[in-house]
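Please open the structure in your viewer and keep the selection tool at hand. The stops below say what to select next and what is there.

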Amino acid sequence: TALPRAAAVRCTAFRPDGTKFVVRAEGHAAGTLQHELDHLDGKLFPDIAFAGRLMTSESFELHEKERFFAYANELRDRYPTAVAFEEVDDAGNGLAVDEVVLQAELTWTGSRFERGVEVVVGSDG
């Protein structure tokens, strides 16, 4: 039994300068945002997982991997737009953004983690 999560979420957040923005997420990204919100609320996965359902990586490989990746691929296909960012006007209404530039501290580039990598996501995905 999986931990129940919404398949689509909309989060309003604040930048360090106090301005608001909105993140809309679907599929895996929606689950990830909810997971991270759990941490902000002081919850860890073992605190909210169903009793007896945590497993070792070996058990996952043997018993759950095939089913998990089938489900993951189904989510990816059902929700192809994982994340969209919006600016917010003074009334709190979301405004579409044509392009988003993300710069994480570390970015996986396919063969290693690198610093200072910018990822540009256009409105076409």
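**Starting at Phe 14**

Select Phe 14 first, and then the residues that it touches once those up to four places away in sequence are set aside, namely Thr 19, Lys 20 and Phe 21, where contact means heavy atoms within 4.5 Å. Phe 14 lies in strand β1, strands (E, at least two residues) and helices (H or I, at least four) being DSSP runs numbered from the N terminus. Phe 14 counts as exposed because its relative accessibility is 55%, the classes being buried under 20% relative accessible area, exposed over 50% and partly exposed in between, with a 1.4 Å probe and protein chains only.

This is a predicted model, in which local features need pLDDT of at least 70 and side-chain atom pairs count only at pLDDT 80 or more, while totals for chains, interfaces and linings use all residues. Residues are numbered from 1 along each chain as its sequence is written, and side-chain values use heavy atoms, leaving out hydrogens and water.

**On to β3**

Move to Phe 21, which stands opposite Glu 87 in β3. The strands β2 and β3 run antiparallel and are joined by five bridges.

**Helix α1**

Now select residues 28-40, helix α1. Its buried residues are Ala 29, Ala 30, Gly 31, Gln 34 and Asp 38, and what covers them includes β1, β2, α2 and β3. Just after α1, look at Gly 42, which takes a positive phi of about 80 degrees.

Terms used: Expected span 1.5 Å × (residues − 1). Pairing = 2+ DSSP bridges.
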